[in-house]
Amino acid sequence: MLMISPRMASGMQEKQYTPSLLSFFIYNPKFGPREGEEEKKILFYHPIEIEKNEKIRNVGLCEAIVQFTRTFCPTKPAKSLHTQKNRQFFHEPEENYWMVMVVRNPMVEKPNKDGKPPTVEYQEEEIIDSVYGSVLQQCYCMYKLFNGTFSRAFEAGGVELLTQKLEKFFYRYLQTLHLQSCDLLDVFGGISFFPLDKMTYLKIQSFVNRVEESLSLVKYTAFLYNDQLIWSGLEQDDMRTLYKYLTTSLFPRHTEPELAGKDSPLRPEVAGNLLHYGRFLTGPANLKDPDAKFRFPRIFVNTEDSYEELHLIVYKAMSAAVCFMVNAAVDLNREFCEQLDSLVGPQLTLLASDICEQFNINRRISGPEKEPQFKFIYFNQMNLAEKSTIHMRKTSSVSLTSVHPDLMKILGDINCDFARVDEDEEIIVKAMTDYWVVGKKSDQRELYVILNQKNANLIEVNEEVKRLCATQFNNIFFLD
Amino acid sequence: MDQSQESGNMEEVRICDPSILPQCLDQTDVAYSDSDVPSENHCVNEDHRTPSDPEGLLESADPTSVEICQQQELLRDMLKLQTDEDRSLCAGASETDSGKASEDSALADSVHDDSGEFVVTMLAQGKMEEQGIGMEGALSSLSETGTPPGPPSHRNEDVTAESWRQHRKHVFVLSEAGKPIYSRYGSEEALSSTMGVMMALVSFVQSGDNIIRSVYSDEHTVVFMQRGPLVLVSVSSSRQSEQQLRNELLYVYNQIVSMLTQASITRIFEHKKNYDLRRLLAGSEKILDGLLNLVDSDPSLLLSAVHCLPLASSLRDSLSQILQKAITPNLVFSILIAKNQLLTIVQEKMVIDDARLEPADLHLLLNLIGASSAFQAGEIWTPICLPSFNPDCYFYAYISYLDPPECTVCLVLLSTDKEAFYSVAECKRRIEEAMQTQNALSSIAKAHSYSVSQVGVSDLRHFMYKPFDVPDNHRQLTQFTSPEMEAPYNSEEEQMRLLDLYRDMHGRIHSTSRPLKLIYHVAERETLLAWVTSKFELYTCFSPLVTKTSAINAITKLLRWIKKEEDRLFIRYPPKYSTTPNPSKSSKGDAH
């Protein structure tokens, strides 16, 4: 991505380039151990146009780096390579399968007079390893969610099947990476939970139980409202990846009529005698369509042990979305979908308006929102709960933050400091721009606050954060 | 005293080999003061073939001749080097290498001839006897170093052992051709394949019109740095910032430059890319080892500032005056050190107008002195390059301890004239005399660092304070002050832990991309505050339960205390003297 910097160098414009993906490849050194067979190691390589020898050279360098670091610690090989122009991230998600992501450092292009080519200055310290390392790990998790493990594919259909799957998945997925807007939230990979009163929560739980009882094929269920999770029967790590898929890919692709305008006409989806708003986000777009296809995306969960392959049915009514997961061995047909639609549609419509009502009441009680003196990110490692008032909106294309990118990077730095020791800690820093940034870690919870008051002193900053903790996190103990 | 008479008393050995420094520290000082060495020329030829010199052996056993030709093949080789447990390749390489050995040494000789300008004057025992300086100590010390000392134990380490991998920080120096020059742990021979891989990585990335900076794993940070024909690599589990590790490598590079000068390193490798620099650095491992220990344990290198021994300003002034009076032409710096901390420094004002001794250069000098007991032997006259001052030329350093046998107070006189030994030695005599009259040594002996309790702030455990260029308009030697580390930081581990905490904060607050003004860090065992303003840089350590309010009060008190004590803690106005350079440059006779 190119941005024109507001700084003008003697009337000529500097061009600022944000980090971008240079290449992405996956290899297995065991697949081409002999000389002259190096190409066989490479299972996937983006961009595809790169010349064969160049690919081999780049893979060779990664192998050499990994091997070299094993001299000093055989069990903990290289995670990243920093060079003047780029950073390479290494990830070995399965034994001998290596994923490598090469990100170009941000750079400034300064025009020269007299028609000389512009001077390029690489900003080598801008990229935070933990952020982009996490992005690479997410790549694998997302692949695995929809394709299962590398080794299973190899066992089933050899290198041919594996490379086919990799190409099919990553060709599309890499286009959605948006490396220029990655930040601390990518490190957490958390889940935003919808705050709810006990009554409504129980209603949802009983709804889930009822549906699972009536539709015995349903193995797991997850319930979301407003892109926030309320209930999930999946393992945490699987849910974390599924949540990421739903909120950054699937939901944004189906912009809701109820979001576009409140008074959208009722769609007369008549099931029985009830009007409802339910519809499938995966599978058949319209049940009435005689040519409707009843194909659902497959997902793979619990790959560590039971290795289950499931149909992913996402069904939505207004702001409420439910994922039903059904064993992939079962053939899903029109009959099942109609049954699900007639059972779930009306109930979910009702539930969605209940939640909406409850949500509005709660919001009225807490009073009108005034611009607070601080912005914060909260993350709890135990349940992956995440909350950010820094990120205004997360869409598939870009995550918008309301603070300067440098402050976001300071949050990343503090997070790295926290990761070093397994102790409760607090770090308060004053940036060169005079903004105060506070990080607190207690048990498995982390809180990051950016304060707007520039001329506050340390003691005032402390008071402000205390107030925040009292109002937002009154049940959580943080170090004073 | 007549000059010719004097050279009779004294063995004057010209070694056309710039590695004088290490040699006068170790086996070679005896080898060269041996009167069997017949002539200067012969000496040059014998240089790397003396029995005590292991280089003949090294040459043929040296398995690294990494020629950078076809990168792709090289990378394949790199992997093999690692996986095949080095056997096949090492054997192959050593064969080809020994074949080249004769050509190699011929070339090396030409390099030696070329660098004939480097001259060292060694002081023979007779001379010391005549002057009656610390003879007892000198003799025993010399005989200690007389027999070639066995290499320190960590040179013999098994580089495949877990204990080798467990070292906190490895440092490697190699030449662009991949030839090992130095390794902190394990012998260079055993590590030659590892170093070959390092060089291959550097040149591979270079071939893509790029520069390798570092590699990160969960355990280690590997930092690469290229300086001229040398490549330096740090493999550290200390979690320091890349910038800090890079600075440390720069210290290592500069220490090598301080012995050889940058110009001669460049020239040597221009002549012969494959040159084995260890020939010139034989014996200097100890100096580099010492430097790396200092880097890990002494915050002055981190802060790029000099630690002064606290001293009543009247005493410091009178010491400065003594130095100011004992001058001779071409003398440029007079430095007095006690307990490895600076007492005072006086500099020439004409020759080095507007320049100052950089802390980094002083650290290298102090390390050099500290790294060898040979300096305690009496008087040493040795060329030394101060890289920050000028990386291409030598100063000539006169180094002598004033309080043998304790050897805590050391005088260093730097001259620009290599022939000035006698006149500079005479300065020392005058300084010694003046100090005796004023009973200065016993006053110095009473001076010591201070306890943090003297500040009188209850929760404060330790601090480091570095003022910037005070007073105004006076380019100062950058200094810092810091109390002794006391409980709970008595053990070596705890001291290292505290230093690591300081290093963390230093790294963040001075981050190249995201510098900060202040860091307040509450951890389980202590609370730390780092603060950088336009006037000073401060790092403080408090007990963990200190409140923010009391920490801020403590800092106010601390700053007030430092202000009150600054005349004692710092060299406030570094004195100068004038030694108009002698135009004839023949200063030998000037001493008398």
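Two exercises on a predicted model follow, each with a worked solution.

**Exercise 1. The interface of chain A and chain B**

Task: Find how many residues of chain A are in contact with chain B, how much area is buried between the two chains, and which element of chain A gives the most residues to that side.

Solution: 

1. Start with the contacts. On the side of chain A there are 56 residues, and they touch 57 residues of chain B.
2. Take the area next. About 5200 Å² is buried between chain A and chain B, and carbon and sulfur atoms give 59% of that area. Within chain A, the residues that lose the most area to chain B are Arg57(A), Phe68(A) and Phe72(A), which together make up 15% of what that side buries.
3. Count the polar links. Between the two chains there are 30 residue pairs in polar contact, and the count of salt bridges is 10. A salt bridge joins the side chains of Lys79(A) and Asp218(B), with 3.0 Å from N to O.
4. List the elements. Those of chain A that give two or more residues to the side touching chain B include helix H1 (52-70), strand S5 (78-83) and helix H10 (458-472). H1(A) gives the most, with 10 residues.

**Exercise 2. Met199(A)**

Solution: 

1. Locate the residue. Met199(A) lies in helix H5 of chain A, which covers residues 198-214.

Notes:
Residues are numbered from 1 along each chain as its sequence is written. Chains are lettered from A and ligands numbered from 1 in the order in which they are written. This is a predicted model: local features need pLDDT of at least 70, side-chain atom pairs count only at pLDDT 80 or more; totals for chains, interfaces and linings use all residues. Side-chain values use heavy atoms; hydrogens and water are left out. Helices (H or I, at least four residues) and strands (E, at least two) are DSSP runs, numbered from the N terminus. Contact means heavy atoms within 4.5 Å. Buried area is the accessible area (1.4 Å probe) that two parts lose on being put together, summed over both. A salt bridge is a side-chain nitrogen of Lys or Arg within 4 Å of a carboxyl oxygen of Asp or Glu. A polar contact is a pair of N or O atoms within 3.5 Å; within protein, one must be able to donate a hydrogen and the other to accept it, and residues adjacent in sequence count only if both atoms are side-chain atoms.
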